[in-house]
Amino acid sequence: MNQNEFVQLITPFKDKVFRLAKRLLVSTEEAEDATQEVLVKLWHKNESLSGYASVEALAMTMTKNHCLDQLKAKRSSNLRIVHNNYTDREPSLQQKIEDNDSWNWVAKIIDQLPEQQRMIIQLREVEQYEFEEIAKVVGMNETAIRVALSRARKTIREHMLKTHRYGTV
C-alpha cells in the first residue's frame, strides 16, 4: 500500500480517532499526539491492513488502548492532567449562549463519568457507532454496553435537572 492509498483509507475516520482521544485524555495537545501515534502505528501495519474487516474499528481500539496507557502512566507518575482547551466565546444571540452553557455542563458531567461510560457515550452519542461496533472496540457484549449507556445517560440527565432547576430535584 502506498502513501496515497493509506491516506485515502484513514481520512474517513481520522477525526473520530482524534475526538475519542480528546474525550479520554481531555487535553487537545495530548489528543493530537495520541492521534499521530495511532496513525503512525497503522502506517507501520499498512501491508497487513487488508486482513482486517474494519480498519476503523482497529484504529478506534488502538486509540482506546493508547489513551488508557497514557492515563495509567500519568496516574503512576502522579502528573496532573492539564486541560486548557476551553475557550470562552460570546455568541450574539441569547439562545446560543444558553446552548453553549448547557453543552459545557454536559461535557463536565461526561468527564466525571467512569471511564467505561465516558468511552461508550463518546462512541455512541458523538461518533454515532452502532452497539455491535462499540462492542468490538471496548470488548464488551452489547447488553452490557446498553446498560452502561443507560446509566451514563441517567447520570447526565439527573445532573442537568439539578443544574437547570437549581437543585430543587
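**Labels and cut-offs**

Trainee: Why is Glu37 called partly exposed?

Mentor: Glu37 has 39% relative accessibility. Buried means under 20% relative accessible area, exposed over 50%, and partly exposed in between (1.4 Å probe, protein chains only), so Glu37 counts as partly exposed. Bear in mind that this is a predicted model: local features need pLDDT of at least 70, side-chain atom pairs count only at pLDDT 80 or more, and totals for chains, interfaces and linings use all residues. Residues are numbered from 1 along each chain as its sequence is written, and side-chain values use heavy atoms, with hydrogens and water left out.

Trainee: Where does Glu37 lie?

Mentor: In helix α3, residues 28-44. Helices (H or I, at least four residues) and strands (E, at least two) are DSSP runs, numbered from the N terminus. The chain has 8 helices and 0 strands.

Trainee: What makes Phe6 and Trp43 an edge-to-face pair?

Mentor: The structure holds 1 aromatic pair. In it, Phe6 and Trp43 sit 5.1 Å centre to centre, with 75° between the planes. Rings of Phe, Tyr and Trp (its six-membered ring) pair if their centres lie within 6.5 Å; planes under 30 degrees apart count as stacked, over 60 as edge-to-face and the rest as tilted. Therefore this one is edge-to-face. The pair also links distant parts of the chain, with Phe6 in helix α1 (residues 3-10) and Trp43 in helix α3, 37 residues apart.

Trainee: Is Phe6 buried or exposed?

Mentor: Buried, because its relative accessibility is 6%. Trp43, at 34%, counts as partly exposed.
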